[in-house]
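These are my notebook entries on a single protein chain. I record what I looked up, in the order in which I looked it up.

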Amino acid sequence: MGYNLPVELFTELGIGILIFSLRFYARWKTVGPQNFGYDDMFAGIAVVFWILEATFLYTCGAKGNNIGLNETTAMQVPDNQVPILVLGSKLAYAAWVFYILLIWSLKSVLLSLYIRLTMGIWQQKLARIMIGLSIATFLTSLLWHICSCLPPSKSWQVKPYPGNSCTSRPGNYILITIMDVVTDFGILIIPFPMLLEAQLSRRQKISLGFLFSSGIFVMICAVVRAYYSLSNINDLSIALGWASREILVASIVVCAPSFKPILSRAKAAISGNSGSGSGSWKRYGNLTGGRSRQNNTGHQAEGGYLTSVTASGHRFSGENMRGSRFKMASLSRSKNGAETLTSFQGESQERINETTKAPHSPHSSSEDMRNGIHVTTQGIGKVPILFKKMPSSSDHTYSTIVAEVGAYKRNVRELKIKDARIKYFIEEVNTNGYVVIRNAFDKADIDQAKAELELLVNSGNGGPAGTNGRNSFEGLRTSRIYALLDKSRIFDKFITHPDVLALNDYFLNPGYLINAFHSVTIQPGEKPQTMHHDDGHITMPRPHEPFGTGVIVALDSFTEFNGATAVVPKSHLWDETRWPDSKEACPVVMDSGSMVYFLGTLWHGGGKNSSKMERKALNMQYCQPWIRPFENHIVAVDWNKLDEIPPKVVDMMGYKLGTPFVGNVEGGSPLRAVNRRLKEYRSGIKENPKL
C-alpha cells in the first residue's frame with residue numbers, strides 16, 4: 001500500500017484536536033474558564049488555523065495545483081483544467097498563510113504562559129523581548145510569503161508558468177524555517193534562569209528542564225521538514241507530510257505544561273498518603289483548600305534532633321528561644337520508615353513530597369505527632385507550634401475542651417473551595433504573596449467613591465491627614481482620610497467585596513476584623529514609601545502564618561509613574577534576616593476598578609509619583625480576630641450609625657463576639673452592650689447605678 005497523505009493529515013489533526021481538548025480540560029479543572037488567559041485564547045486560535053490548513057492542503061492536493069509544473073508542462077495543460085488548477089493553487093497559497101499563523105499561534109501559547117509565570121520577576125523582561133522577536137519573525141515570514149511573488153495573482157497562475165518562486169516557493173522553506181527556529185530558540189531560553197534559581201532538587205530540575213527543552217524537538221522537525229521539502233521540491237506530498245508532523249510535535253510541546261497539574265493530582269490520588277501520622281496532619285495542620293504550590297523542604301537529623309530548613313533558609317533547630325531543647329516531629333511516617341515533610345512555594349502546580357530517612361531520630365511512628373514541635377504548612381512557609389505533649393483526639397476531655405473553646409474553628413483550614421476562580425486567586429497569593437483582581441468594581445462605583453472623597457475634603461471632614469500626611473511614612477505629599485465607615489455609606493460595598501471575603505475566609509480565622517480602612521491619595525512629587533510588611537510590629541519569627549491581609553483598590557489607574565504600590569513577589573516567605581532590595585520590587589500596574597489582595601507578611605510600599613496627576617486608592621486591611629486592629633472602629637464610628645451599616649461590616653468592626661469569648665462585655669456580645677448603653681443615654685436612665 002502506497003503513502004496516503006490525506007490519512008496522515010487528518011489522523012494527526014484528530015490527535016492534535018484531542019491533545020488540545022485535554023489541555024482545555026486540564027485548564028478548566030485547574031483555574032476555571034473564567035480565568036483562562038491569553039495562552040488559552042491562542043491555543044483555541046491555533047486549533048482553528050490547523051483545521052483550515054489541513055482542509056486547504058487536502059483540497060489543493062485533490063484538485064491539483066501549479067506546483068511541479070514547468071514552462072513546457074504548463075503550456076500542455078488543457079484549458080478546461082486550468083480553472084481547477086488555479087483554484088488548487090489559491091488554496092495552496094492560503095495554506096501557507098494558515099501554516100504561518102498556526103506556527104506563531106503555538107509560539108504565542110508558550111510566550112503567554114511565560115509572561116504569566118514571570119509576573120513580578122526580572123525574567124518577564126526576557127519574555128517580553130521574546131514577544132517582540134516573535135512578532136518581528138512572524139511579520140518577516142508573512143511578508144516574505146506575500147512579497148516574494150508579485151503581484152500575488154502570479155502565485156496561482158498556470159499559463160504562462162510563473163516560475164518556481166511563485167509555485168513551489170523554495171525561499172519559503174529557507175527563510176520561514178530560519179525565522180521559526182530562531183524564535184523557538186529564544187522561547188526555549190526563557191524558563192531556564194527561573195529553573196536555575198528555583199529551590200528544587202536536582203531530580204526536579206532535570207525533569208522540568210527536559211519539559212522546557214522539549215522545544216528542541218520542534219526545531220529539529222522544522223529543519224528536517226525544510227531539508228526533505230527542498231530535496232523533493234516538486235513533490236508536494238513530502239512537504240505537506242512533514243509540515244503536519246512538525247505541527248503535531250509543536251502542539252504536544254505547547255500543551256504539555258498544562259497537563260502537569262492534572263497528572264500530578266492523579267499520581268497523588270493513586271499513591272495516597274500511607275503515613276500513620278496523616279490523621280494528625282489533618283487535625284493539627286493547615287492545608288490549602290485549593291491547588292497546592294509546593295517546594296521541597298529538606299530535613300535532617302542533627303545530634304538526635306531533627307532540624308528543618310524552610311524554603312527561605314530559616315532554620316528551626318532543636319533550640320527554642322529560651323535555650324531549652326525540644327524535639328522536632330515529622331509530619332508523617334510511611335510504612336518504610338521514611339519521614340515526609342512538605343512546604344508550599346514556587347511555580348510548580350503540583351504537590352512535591354520529598355521523603356528522607358532520619359535514622360537517628362528517636363521518635364517512633366506513634367510518637368511523631370505527639371511530642372515536640374508540629375510544623376504546619378499553609379502556602380506561606382512553615383510555622384512552629386510548640387506543644388509539650390499533643391493529646392489524642394480520642395481523649396474525651398480534650399475533645400470537650402476543643403468543642404467548648406472553639407479550637408476546631410481555628411484549626412480548620414481545609415476548606416472546600418469550589419469556585420475555580422477563588423482557587424486560582426489562592427494559588428497566586430500562596431505563591432507570590434499577592435494577586436491582582438481585575439475589574440472588581442465598575443466605573444459607577446469608582447466615580448461615586450472619588451466624588452465622595454472630594455466632598456469630604458472640601459467640606460472639611462477629611463480628618464487630620466485629609467490634605468497632607470503628617471510624617472514621612474504617611475507621606476508628606478500623601479493625603480489620607482481615615483474612619484471611612486463613620487463618614488459615608490458609599491464605602492461599605494468596597495470592604496465587603498465577595499472575592500475579598502472569600503480569600504479572607506481562607507487565609508484568616510473565622511471572625512476576622514477590619515484592621516484599617518482609609519483612602520490614600522498620592523500627590524505629584526511624592527517620594528517612594530519605605531518598604532514594609534504590615535505585621536512588622538509583631539515580634540514573631542518569620543516566616544509565619546498571616547496575621548492579616550491587605551487590599552488596595554485602584555480608584556485611579558495605577559502606573560509605574562503615578563505611585564503604583566510596589567510589591568516584592570514571594571517576600572512573604574522570607575525570614576526576618578532578609579530585607580528587600582529596591583531592584584526586587586515591582587509596581588502593581590492595574591486599571592481603575594481593579595484591586596490587589598496581599599498577605600500582611602508581604603514586603604510592599606507606596607511608589608514614587610513622578611507624574612502630574614494624583615493617584616487615589618482605598619486601603620483596606622483585615623486582621624485575625626485575636627489581634628488589636630490599627631483603627632479602633634468601635635470608637636471611631638458613631639454608635640448611632642450602627643443600624644445603617646451592613647451587619648457583616650458591624651461584625652468585622654469588632655462588635656461580634658470572637659471565639660470563644662474574645663472581646664466580650666460581661667461575658668456577652670459587644671453589640672448588645674453598646675445597644676444597652678445607647679438606650680441608657682437616650683432615656684437618661686442608667687440600668688446599672690453607681691455602687
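**Entry 1: the whole chain**

I began with contacts (heavy atoms within 4.5 Å): among those in the protein chain between residues at least 6 apart in sequence, 78% join residues at least 24 apart. The model is predicted, so I note its terms: local features need pLDDT of at least 70, side-chain atom pairs count only at pLDDT 80 or more, and totals for chains, interfaces and linings use all residues. Residues are numbered from 1 along each chain as its sequence is written, and side-chain values use heavy atoms, with hydrogens and water left out.

I found 21 helices and 18 strands in the protein chain; these are DSSP runs numbered from the N terminus, helices being H or I of at least four residues and strands E of at least two. Of the 691 residues, 52% count as buried (under 20% relative accessible area; exposed is over 50%, partly exposed in between; 1.4 Å probe, protein chains only). The chain exposes about 32100 Å², and carbon and sulfur atoms supply 60% of that area (Shrake-Rupley method, 1.4 Å probe; for residues, only the protein chains shown count as cover).

**Entry 2: helix α15**

I checked the length of α15, residues 443-458. Its 16 residues should span 22 Å at 1.5 Å a residue, and its end C-alpha atoms are 22 Å apart, which agrees; the expected span is 1.5 Å times one less than the number of residues.

I then listed the buried residues of α15: D445, I446, A449, E452, L453 and L456. Seen down the helix axis, they fall within an arc of 130°, so they line one face of α15 (the arc is that of the directions from the axis to the C-beta atoms). On the other side, K443, A444 and N458 are exposed.

What covers the buried residues? I noted β11 (478-481), α16 (484-487), β12 (513-522) and β18 (615-623) among the covering elements. Just after α15, G460 takes a positive phi of about 80°.

**Entry 3: G163**

I located G163 in the loop between α5 (123-147) and α6 (170-189). G163 counts as buried because its relative accessibility is 16%. The C-alpha atoms of G163 and L69 are separated by 8.8 Å, although the two residues are 94 apart along the chain.

**Entry 4: L230**

I placed L230 in helix α9, residues 215-231. L230 counts as partly exposed because its relative accessibility is 34%.
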